Amino acid sequence: MYDVEVIGAGPSGSYAANALARRGFSVHLVDRATFPRDKLCGGGLTRKSLGLIRELEPSFDNSGLAEPIEQLYLFGPDGKTVREARLPVGEVALIRRRDFDAWWRDRALDAGAEFSQRPVGLDGARFLVAADGAGSSWGRSIRGPFRNSEIAVATECHASADLPPFAALLVSPNDAGSGWGYSWLFGRSDGVLVGTGYRRDQEGDLPALRGRILLLNRRFTSETCSRFDNWVIPLYHPRPAAQGRVALVGDALGVADPFLAEGIANSMASSRVLVESFVRQKDFSQYTAELHRHPYFRAMRYFEFLQQVVGTDGAAAFQALSSPGLFERLRRMLSDPGEAAYLAWGFALRHPVTALRARRTLRVAGRTSPPAPSLMPGQDTTPATNSKEPPARA
Ligand SMILES: Cc1cc2nc3c(=O)[nH]c(=O)nc-3n(C[C@H](O)[C@H](O)[C@H](O)COP(=O)(O)OP(=O)(O)OC[C@H]3O[C@@H](n4cnc5c(N)ncnc54)[C@H](O)[C@@H]3O)c2cc1C
């Protein structure tokens, strides 16, 4: 009998398995995939995720897995105006999920976790941690279905190119039905990742959004791409995170920040809170309360507000965010979620009318968007490889 079975060896599952094994618990880590495996993801790590990784595994710095980004570009909805900044080394880095996840899983095994592709379930383990991603069936039964307003859809394609590492972000315009969203170019040594993210209930004109980021890509390289893949990123909302002997972490629970939809840091942060709670209580009884009370996740309400700001007036948001004071706050927010409060207040002081509208939208959001009855047909958690459309909408 294991103390804990962790289902899913992505960033959240391997974090939980590693940290629990270090605390002396016997851990069974399960993944149905054969590693190394791919996961649709930009692989952008901010100082938040880098800090969580290093805290457990300082050897990450010598692993050669991370490509530090020093150049950041921010483009407005018109695709023209730009704010350019040099980032201090170690603030943002890019990884390839195929390589990182295999390395990260192996570190959990080094810490003492056992790995297999066959779960033992609650008959063979006293507790179960579901870290099996956005389509988790444990997730659905404990936290309920995600509302469309609580899900970002991210669509990404890869262009081969040889460029120094960089990140370029393009704020989405609020026209043609689209609300919050942004597009990105992540320049890595193996090429450029070209992506667009939007809220599932506010897709708007997706071909136009993709067209804008592909156009911007031409400024950096003549190489382009045409094959977009899609997958979902469930955004943080204070949902039930455990029931009896089962707890949820990462995308299975839905913890990505609602402003940048950064999922890796928050997924590992949820595992960190879970492990601390489990070590204290020896069960999951306090996990939900401790997670939502934790300053890290309490700050998510400001991220949600900022999402509404961009969704209400992307141009005003860009203008404010690219001013020296708020841009510095934005940069600091990549290290500390608490900085989002300053960013939110800074914006509210500059654009009180937009801020009030955003706040009102935030209050009625959720009431206007019904839960998605079927997030992933058949609860299939495999990223929809080259799927033409995002998963079914409500
Ligand atoms: C296009 C795109 C771009 C993104 N870019 C970024 C980014 O740049 N930075 C960032 O921070 N976040 C990004 N994200 C979000 C990020 O990828 C996720 O939030 C993160 O991977 C969640 O980690 P996780 O461990 O909870 O789940 P996952 O990484 O999804 O891992 C789940 C694991 O569970 C396994 N599994 C699933 N079902 C079962 C089962 N039934 N039995 C056993 N094993 C199972 C899977 O094989 C997988 O290994 C992006 C997402 C998308 C879609």
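The structure is a predicted model, and its chain contains 14 helices and 16 strands. The radius of gyration of the chain is 20 Å, close to the 21 Å that the globule rule gives for 394 residues, so the chain is as compact as a globular protein of that length. Buried residues make up 51% of the 394 residues, and among contacts with a separation of 6 or more, 74% are accounted for by residues 24 or more positions apart.

With the overall form in view, the ligand can be considered. It is surrounded by 34 residues, of which the closest are Gly8, Gly10, Gly42, Gly250 and Gly263. The elements that give two or more residues to this shell are the helices α1 (11-22) and α7 (264-281) together with the strands β10 and β14 (229-234). When the residues of the shell are sorted by class, 14 are nonpolar, 13 are polar and seven are charged.

Strand β10, one of the elements that give two or more residues to the shell, covers residues 151-159 and includes Thr155. Thr155 has 23 C-beta neighbours inside 10 Å, and because a residue with 20 or more such neighbours is classed as buried, Thr155 counts as buried. If its neighbours within four places in sequence are left aside, Thr155 is in contact with Gly195, Thr196, Phe228, Asp229 and Asn230. Asp229 and Asn230, two of these partners, fall in the range given for β14, 229-234. Thr155 can also be compared with Leu206, which is 51 residues away in sequence, while the C-alpha to C-alpha distance between the two is 9.6 Å.

Arg188 counts as buried because 23 C-beta neighbours lie inside 10 Å. Not counting residues up to four places away in sequence, Arg188 touches Glu67, Leu94, Pro165 and Leu193. How far apart in space are Arg188 and Gly144, which are 44 residues apart in sequence? From C-alpha to C-alpha, Arg188 and Gly144 are 37 Å apart, whereas for Thr155 and Leu206, at 51 residues apart in sequence, the corresponding distance is 9.6 Å.

Notes: Residues numbered from 1 in each chain as written. Predicted model: local features only at pLDDT ≥ 70, side-chain atom pairs only at ≥ 80, totals over all residues. Helix = DSSP H or I, 4+ residues; strand = E, 2+ residues; numbered from the N terminus. Buried ≥ 20, exposed ≤ 12 C-beta atoms within 10 Å, placed from the backbone. Contact = placed C-beta atoms within 7 Å. Near = placed C-beta within 6 Å. Nonpolar A, V, L, I, M, F, W, Y, C, P; charged D, E, K, R; others polar. Rg over C-alpha atoms; globule rule 2.2 N^0.38 Å.
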